[in-house]
Amino acid sequence: MDLFEYQGKQYFARYDIPVSAGGVADTVDEAVAQADAAGYPVVVKAQVQVGGRGKAGGIKLAADAAEVRTHAADILGMDIKGHVVRRLWVEHASDIAKEYYASFTLDRAAKKYLAMVSAKGGVEIETVAEEDPDAIARLHIDPAKGFTSSDAADLVGRAGLDPQAVEGAVDVLTKLYRCYVEGDADLVEINPLILTPQGQVHALDAKVTLDDNAAYRHPEWDGFRDIDEFDERERLARSKGLQYVGLDGYVGIIANGAGLAMSTCDVVNQVGGSPANFLDIGGGANAEVMANALEVINSDPKVRSIFINIFGGITRGEEVANGIKAALGRVDIQAPMVIRLDGTNAEEGREILSTVTSEKVLSSPTMLDAARTAVQLAGGTVR
Amino acid sequence: MSIFVDENTKVIVQGLTGGQGRFHGLRNKAYGTQVVAGVTPGKGGSDVEGIPVFDTVAEAVAATGANASFVSVPPRFAADAILEAAAAGVGFIVCITEGIPAHDEARAYNTLVDAYPSTRLLGPNCPGIISPGKCNIGITAGEIALPGGPVGIVSRSGTLTYQALYELKQLGVGVTTCVGIGGDPVPGTNFVDCLEAFQADADTKAIAMFGEIGGSEEEKAAAFISEKLTKPVVAYIAGVTAPAGKKMGHAGAIISGSKGTAAAKMEALAAAGVHVVNNPTEAGLKMAEIVKAL
């Protein structure tokens with residue numbers, strides 16, 4: 001789960017990482033109230049999960065209440081790269097002497113944590129990595145051993161942070177590591193981490209991705225689920241416990257297993273079509289799960305045909321077929337569909353499916369043929 | 001021959017008394033695997049259809065001489081279960097559990113590397129391993145695999161693995177061992193480990209590899225193949241149409257920025273001399289063609 005900046009800052013605050021005084025606002029009046037509380041001047045920041053907010057006009061400095069009013073009115077409702085701004089974060093504007101960068105994440109290649117600190121903050125770290133790789137100090141951390149304040153001091157030293165920032169930066173890094181590990185984050189990033197003229201080091205932005213697998217031990221995350229950010233279809237799928245990712249095409253996909261679901265999208269693409277979604281219903285394919293999946297696909301107006309791709313392993317073909325049959329009886333499907341059923345007892349399964357096949361419900365024995373049929377049913381051109 | 005497991009492998013099932021553990025543990029036993037014991041804290045002394053259950057892995061190992069473990073416990077207990085097996089001297093651990101918190105997984109993996117370097121972990125979040133006709137640990141339906149070789153399979157995806165086994169069987173091609181390394185970000189066993197083992201296995205003459213988006217294990221495999229591997233490899237990578245930044249079902253299947261795309265992986269593998277195919281069906285056909293020409 002990706003957090004909004006304001007949520008990230010609230011999460012940082014739980015681990016005593018210094019952030020600017022501020023608050024959230026969903027209306028112009030609320031923005032003014034938050035600005036009054038934070039103390040002028042303030043920064044009014046659009047809360048969207050997309051980069052380049054500043055350039056798009058989503059971050060503005062305001063010297064007084066009148067300016068807050070103007071900027072808040074402009075930014076609320078603004079469309080930034082397809083993300084509509086519904087919420088603002090209003091915080092006291094900091095004096096900035098220097099901008100740094102700090103983050104912790106998992107380095108999958110090394111199978112260890114990776115800490116990165118740079119004296120060149122305020123720009124995308126990927127850009128720094130490309131243009132001036134030596135400006136980033138890196139440290140691999142053994143997750144079984146942990147990260148000490150001397151590790152932090154070493155990093156800060158190698159990154160070449162200013163002498164007056166060292167103490168504060170070491171403190172922030174050790175707290176950020178705690179937030180990363182105890183807070184079950186996949187990523188914690190502060191960019192920029194600033195040094196004020198008064199010698200304070202604090203987080204001016206917050207990028208946090210939480211590990212959904214750890215949600216069971218973090219009841220405090222419940223408040224973070226901002227469903228507004230999800231695609232409408234993804235929200236419905238999530239409420240039904242399905243693994244779903246919305247795509248831009250017109251062939252609705254249902255498959256069992258993540259690999260097969262991805263592969264099904266690819267094959268549709270390969271024969272000249274375009275997948276509307278990725279949907280993994282998991283190992284089995286009982287009527288309940290299949291009906292839920294069909295309902296989600298059915299809710300997508302862009303879907304012009306449906307491709308159900310099931311490989312029976314332990315779940316036998318006849319069980320799968322009966323599940324599909326029952327689901328078809330429960331959901332009023334709009335688009336025509338093709339079902340490909342293979343694997344254990346596929347013959348028996350196809351036999352059962354033959355009782356429900358019609359002009360709108362076809363069956364095809366192979367993945368490629370089924371993909372071509374799905375594209376044809378959608379009125380697309382088969383390659 | 002086979003890799004990692006064979007007919008002499010003695011397996012305990014951690015979580016044998018749970019729904020999944022019981023179902024798959026009994027299936028593995030019915031397949032012919034030596035499933036010698038189960039472990040569930042607090043249920044020692046009972047049995048599951050004649051398979052004795054112990055409170056701890058150490059007791060189960062002492063009583064049965066087990067050398068492998070099948071971990072089928074809920075996510076919150078999985079990391080501890082893996083470490084318990086390693087501490088009890090189990091050399092090969094298969095963990096099918098999906099949904100383990102990433103930090104637990106990273107800590108368990110690195111603890112194994114630091115403290116139990118000779119222990120091999122397969123998974124988590126994997127379908128397991130099958131040496132057709134000899135040993136099946138995990139959730140693969142044994143009947144879809146043809147024993148005998150000459151093909152070794154290694155895959156990040158369960159269903160694509162089943163698909164591959166099934167298609168090869170239809171074409172009359174046997175398999176030495178099929179390893180599902182799983183879809184999590186920190187797999188205990190990776191492509192290179194399996195390729196290395198297949199290279200050393202005299203009965204494996206060709207290798208099918210199923211990768212997907214995310215991480216850089218396929219690229220590492222490509223480097224290994226071009227340097228060390230002499231056997232032909234067919235590879236399929238799922239996720240050509242996957243958008244960046246979205247987890248495609250598996251926790252590890254995510255394109256981060258521009259890293260981990262299917263295109264980059266396919267390119268790296270093709271450059272290493274691998275037969276890169278566009279879908280699982282082609283993988284089966286290509287493999288059958290290679291086997292015929294051996």
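Predicted model: local features only at pLDDT ≥ 70, side-chain atom pairs only at ≥ 80, totals over all residues.
Student: Which elements are included in what covers the buried residues of α11(A)?

Tutor: Residues are numbered from 1 along each chain as its sequence is written, and chains are lettered from A and ligands numbered from 1 in the order in which they are written. A residue is buried if 20 or more other C-beta atoms lie within 10 Å of its own, exposed if 12 or fewer, and partly exposed in between, with C-beta atoms placed from the backbone. The cover of the buried residues of α11(A) includes, from chain A, β16 (305–312), α10 (317–330), β17 (337–343) and β18 (361–363).

Student: Which residues of helix α11 of chain A are buried?

Tutor: Helices (H or I, at least four residues) and strands (E, at least two) are DSSP runs, numbered from the N terminus. In α11 of chain A, residues 346–353, the buried ones are A346(A), G349(A), R350(A) and L353(A).

Student: Why do the buried residues of α11(A) line one face of the helix?

Tutor: Look down the axis of α11(A), taking the directions from the helix axis to the C-beta atoms. The buried residues line one face because they fall within an arc of 100°.

Student: How many helices and strands are there in chain A?

Tutor: Chain A has 383 residues, of which 49% count as buried. Its C-alpha atoms fill a box of roughly 80 × 50 × 40 Å along the principal axes. The count for chain A is 12 helices and 18 strands.

Student: Which element gives the most to the side of chain A that touches chain B?

Tutor: Two residues are in contact if their C-beta atoms, placed from the backbone, lie within 7 Å. Here the contact takes 43 residues from chain A and 50 residues from chain B. On the chain A side, two or more residues come from each of β13 (243–246), α8 (258–270), β15 (277–280) and α12 (367–377). With 11 residues, the element that gives the most is α8(A).

Student: What separates the centres of domain 1 and domain 2 of chain B?

Tutor: Chain B is divided into domain 1 (10–122) and domain 2 (141–293), bounds that come from an automatic or database domain assignment. Taken over C-alpha atoms, the separation of the two centres is 26 Å.

Student: Which residue in β5(B) stands opposite V13(B)?

Tutor: Two strands pair if DSSP finds at least two bridges between them. Chain B has an open sheet of seven strands in the order β3-β4-β2-β1-β5-β6-β7, with mixed pairing. Four bridges join β1 (residues 10–14) to β5 (residues 68–71) of chain B, and these strands run parallel. Opposite V13(B) stands F70(B).
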